[in-house]
Amino acid sequence: MSVLERARELQPDLVRLRRSLHREPELGLRLPRTQEKVLAALDGLPLDITLGRELSSVTAVLRGGRPGGAVLLRGDMDALPVDELTGVEYASEVPGRMHGCGHDLHTAGLVGAATLLADRRESLQGDVVFMFQPGEEGHNGAGAMIDEGVLDAAGKPLDAAFALHVSANRLPGGWVASRPGTVMTASDVLRVTVRGEGGHGSAPHHAKDPVPAVCEMVTALQNWVTRTFDIFDPVVVTVGRLHAGTQQNVIPDTAEFQATVRSYSEASHERLAQGLPRLVRGIAAAHGLEAEVEYEMLYPVTVNEPVATEFALETARELFGAGEVWHAPQPASGSEDFSLVLNKVPGAMLMVGAAPEGVDVEKAPQNHSPRAVFDDWVLHRQSALLAELAERRLAAGTCA
C-alpha cells in the first residue's frame, strides 16, 4: 500500500481530530486542551514523548528500525483572537477565538504523518522528531521550544526540517507551492508613544500637541521606506493602531501608534531596526516633543535551503503529479517562527492549498479572516507529504 493510499484510510480520524480542535481553539503558549487531544491521538504509537515546561508543547520522537540520521517535522497548534463568521457546522464554540490560520489542520496532519511513519518504523533509516508547537501567532513558540531542546530531541544532529502551511485562498485545494531562498518575510513591531503637554483645543499655542507629530510620523514612515530601500528588496510598514485623546476639544498629553514591519532580507531587517526609531525620534524633536520608541524584532526572514526545497517539491510532484505543484515566483508577505528552526537546520516550508472545492481562490477570504474556510479534504495529503519527506530524506543519508 502506498503512503497516499494509507493516508486516505486515516482521513476520517484526521477529520474528527481537526474538527475537535477547531471547535475548541486556544491561544498563545498555553494550550492544555489542545495538548490533551494531541496526546490522545498519539496514544499507542511507538513514540518517545516530552512535554514542554514553559508552554504546552509536545515533542515526539520516532526511532527508526535502521540506523541513520534525524529529520524534524513541525506542526503549529495555536489559534487567533478572532470571532468566527464561517457558519460551518464545526465552528468555534469559544467566543473571540478561531482557527483562522489553519493550525488545526497542521496539527491533525502531523498526527497523521506520525501514524504513517510508525507503520513503517522497522524500515525507517533514522529518527523523526514531531514538533507540535504552540504560540506561533506572535508568541515565539518555536523559539521557546528551541530553548527547551526540541532540536536536540533525537540525540543527534538534525539533517533536515520541514513544515507545511495551509492557505485558504490563492492556491487550489491540494496544490503545493514553495521556492528556494526567502519564502516568507521577517516580522517586527514598531511601538511609539509621543509625549507632549495637553490643553484646550482652542489654544494649541499654550500646549504641546502630540497629535500632529504622530500624523507626520505615520506619513513619513512611508516616504522614508520608498527613498531608503531598493524596490527589488521590498519593505512593508503598516500602521494598524493609532490612538490619541478623549474628546474633540481636548489636546491630549500623549498620542501613540503601532505598526507591523515586514522585510524580505536580513540586511533590510537590520536596517529597519536602526532607521525607524531614529526617524520618529527626529520628528518628535522637531516638534519639541519626546518619543518613547520600542522596536521589537519578532521573527527573522524565513529562508528555504535550496537543495531541501527542490527535494521537497520533487517529492510532492511524485506524490500528487507535476500539475499540482507550483514553484512560487516570489515570497509570501506573511511571517513564520519556523524561520528560527530553518536558521539552525537546513530545510523548507511549503504551502498547501486548502480552499474548498468550487471556490474562486482569487476571491476567497484569506488566512486570518473571520470567514476563512479550510477544506479538511487536504488532511490526508498533508500527512502523506510530511511522511514521505521524512522517509525519503532519511533514506538519502547525510549526503543529500
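**Salt bridges in a predicted model**

Start with Glu24, which is partly exposed, with a relative accessible area of 27%. Which residue forms a salt bridge with Glu24? It is Lys37, and the closest N and O atoms of the two are 2.9 Å apart. Find Lys37 in helix α2, which covers residues 32-42. Glu24 sits in the loop between α1 (3-23) and α2. The two residues are 13 residues apart, and the pair links distant parts of the chain.

Is Lys37 buried or exposed? Lys37 has a relative accessible area of 11%. Buried means under 20%, so Lys37 counts as buried.

Arg33 forms a salt bridge with Glu36. Their closest N and O atoms are 2.7 Å apart. Both residues lie in this helix, three residues apart. That spacing is about one turn of the helix. Arg33 is partly exposed, at 30% relative accessible area. Glu36 is partly exposed too, with a value of 47%.

Now move along the chain to the strands. Glu256 forms a salt bridge with Arg241, with the closest N and O atoms 2.4 Å apart. Glu256 lies in strand β11 (residues 254-263), while Arg241 lies in strand β9 (residues 235-244). The pair therefore ties together parts that are 15 residues apart in sequence. Glu256 has 23% relative accessibility and counts as partly exposed. Arg241 is partly exposed as well, with a relative accessible area of 39%.

Next, look at the wider region. UniProt lists residues 191-274 as "domain: Peptidase M20 dimerisation", in an unreviewed entry. What is the chain made of over residues 191-274? It is 33% helix and 35% strand there. The end C-alpha atoms of this stretch are 14 Å apart.

Salt bridges can also join up into a group. Which residues are linked in a network of salt bridges? They are Arg18, Arg19, Arg23, Glu89, Asp104 and Asp376. Pick them out in the structure one by one.

Finally, step back to the whole model. How many salt bridges does the count come to? The count comes to 27 salt bridges. Among them are Lys37 with Glu24, Arg33 with Glu36, and Glu256 with Arg241.

Terms used
Residues numbered from 1 in each chain as written. Predicted model: local features only at pLDDT ≥ 70, side-chain atom pairs only at ≥ 80, totals over all residues. Heavy atoms only, no water. UniProt positions renumbered as here; feature names shortened; annotations may be inferred. Helix = DSSP H or I, 4+ residues; strand = E, 2+ residues; numbered from the N terminus. Salt bridge = Lys/Arg side-chain N within 4 Å of Asp/Glu carboxyl O. Buried < 20%, exposed > 50% of the residue type's maximum accessible area, 1.4 Å probe, protein only.
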